[in-house]
Amino acid sequence: MESFDFNQIIDRHNTGSVKWDFLDRYLHLTKTDLLPMWVSDFDFQSPKEVRQALSSRIDHGIFGYSERDDLYYQAAIDWFSRRHQLTLHRDWFTSIEGVLPGLALLIQMLSKPGEGVIVQGPYYSSFAKIIAMNDRVLIENPLLESPEGYKIDYAHLEQLLEQHRPPLFLLCNPHNPTGRCWDRDELLQLLGLCKKYGTTVISDEIWADLILPQEKFTSILHLGSEWHRHVIAATSASKTFGLSSLRISNFLIPDPALRQAFNDRLNAHGLDVFNALSMTAATAAYQYGDAWLDNLQNYLAENRRWFEQALASSVPWCRMTKAQGTYLAWLDCRDLGLDDGTLQQVLIQKAKIAVSMGCSFGERGQGFIRINLGCPRQYLEEAIAGLAQLTP
């Protein structure tokens, strides 16, 4: 029986890691003694089978023009059937190097400059970036805080849809940063409103595999063929298996006209060749990654349980949002009574941790921080010890 040691500390310094090596460039932090808990990649080795498949492919030594083969498609189709009881069809698949580039191209394809794209705040900051840099307008449908986790404000959503008639709704499911997984009834209500006002829903589902063991992920593609003309789902093995720099993602587009238009756009940008190592890694992960992921999910669930309990005991001013998925902790620090700039400074100077500041997720993130729980327990212990240095 293979053992999985997620407590193992692996030094990631000097590997080109954004999280560990580039605090100065991205967060403008020159301090080198900070514990980095900001970027949403984890500090675990990818599955052994993935590393072995990559090693064999490298040993082959030839890396010419490459395409997705039958194994690539079948591994992904079987994975979603096995893990999520979701039936996918091969002709739905379109592929591009990363979810964000695909989202940006779809924004260009399905909207015009000056038109709006709805997102739910607090929202992933890269959504805001690609909307603004493509000369579209971010329209925020803020989520509602509750003790059970965040909820969708449908009344406000319909007001926005009626007022702005936006061509696109950019959904994040499971939601980054809050960890909320939207259930079937919530998604049906959301899609019903969007269909009523002619709004296409693009669902970023890159976190779909990283849910808590007792929870269930519902894709917009679970909801039936009557919605297929109005939805696109974005997926990737990268977040699940720690393959973020081996960039390949799949945009699942059931509607033939939408799919052809997207393929035409990919071809117009010369995006018709695929990274051989990326395809090898994704294929092996989907073929052989079940046991590894089962163990990882249990480890992450225990990390979340332990961290929440430690906060309650040692950092009572900090409240963790209830979540169903991701390995992110969305932490309410408003009881400290600090503005976001001062909060970041005390986290650096006293807590000695680098986090994602909530204000980078829009106005609804002010007073919050996002911490990455996808790490060995030792790092969480260090983070709790640091946070305990702060008092209201």
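Hi everyone. Let me begin with a term: a salt bridge here is a side-chain nitrogen of Lys or Arg within 4 Å of a carboxyl oxygen of Asp or Glu. Please keep in mind that this is a predicted model.

With that term in hand, how many salt bridges does the structure hold? The count is 18. One of them pairs arginine 82 with aspartate 290, and their closest N and O atoms are 2.8 Å apart. Arginine 82 sits in helix α4, residues 70–84, while aspartate 290 belongs to helix α12, residues 290–314, so this pair ties together parts that are 208 residues apart in sequence.

Are these two partners buried or exposed? Arginine 82 is partly exposed, with a relative accessible area of 39%. Aspartate 290 has 18% relative accessibility, and because buried means under 20%, it counts as buried.

Aspartate 290 also meets the side chain of arginine 83 in a salt bridge, at 3.1 Å from N to O. Arginine 83 lies in helix α4 too, so here the linked parts are 207 residues apart in sequence.

Another salt bridge joins lysine 151 and glutamate 148, with the closest N and O atoms 4.0 Å apart. Lysine 151 is partly exposed at 39% relative accessible area, and glutamate 148 is partly exposed at 45%. Elsewhere, salt bridges with shared partners connect Glu145, Arg319, Asp332, Arg334 and Asp335 into one network.

Now to a pair of helices. The axes of α5, residues 99–110, and α10, residues 256–268, come within 10 Å and cross at roughly 115°. That makes the two helices roughly perpendicular, and their crossing is right-handed. Which residues meet there? From α5 we have Gly102, Leu105, Leu106, Gln108, Met109 and Leu110, and from α10 Leu258, Ala261, Phe262, Arg265 and Leu266. The residues of this contact divide into eight nonpolar, two polar and one charged.

Last, some backbone details. Most residues other than glycine have a negative phi, and most peptide bonds are trans. Against that background, take the bond from glycine 121 to proline 122: it is cis, with omega near 5°. Proline 122 is in the loop between β3 and α6. The bond from asparagine 173 to proline 174 is cis as well, with omega near -5°, and proline 174 is in the loop between β5 and α8.

As for phi, aspartate 135 has a positive value of about 60°. Aspartate 135 is in the loop between α6 and β4 and is exposed, with a relative accessible area of 54%. Arginine 165 has a positive phi near 45°. Its place is the loop between α7 and β5, and arginine 165 is partly exposed at 49%.

Conventions. Residues are numbered from 1 along each chain as its sequence is written. This is a predicted model: local features need pLDDT of at least 70, side-chain atom pairs count only at pLDDT 80 or more; totals for chains, interfaces and linings use all residues. Side-chain values use heavy atoms; hydrogens and water are left out. Helices (H or I, at least four residues) and strands (E, at least two) are DSSP runs, numbered from the N terminus. Buried means under 20% relative accessible area, exposed over 50%, partly exposed in between (1.4 Å probe, protein chains only). Axes are lines fitted to C-alpha atoms, for helices over the stretch in contact, and angles run from 0 to 180 degrees between N-to-C directions. Angles under 35 degrees count as roughly parallel, over 145 as roughly antiparallel, 65 to 115 as roughly perpendicular and the rest as oblique. A crossing is left-handed if the near helix is turned anticlockwise from the far one by less than a right angle, and right-handed if clockwise. Contact means heavy atoms within 4.5 Å. Ala, Val, Leu, Ile, Met, Phe, Trp, Tyr, Cys and Pro count as nonpolar, Asp, Glu, Lys and Arg as charged, and the others, Gly among them, as polar.
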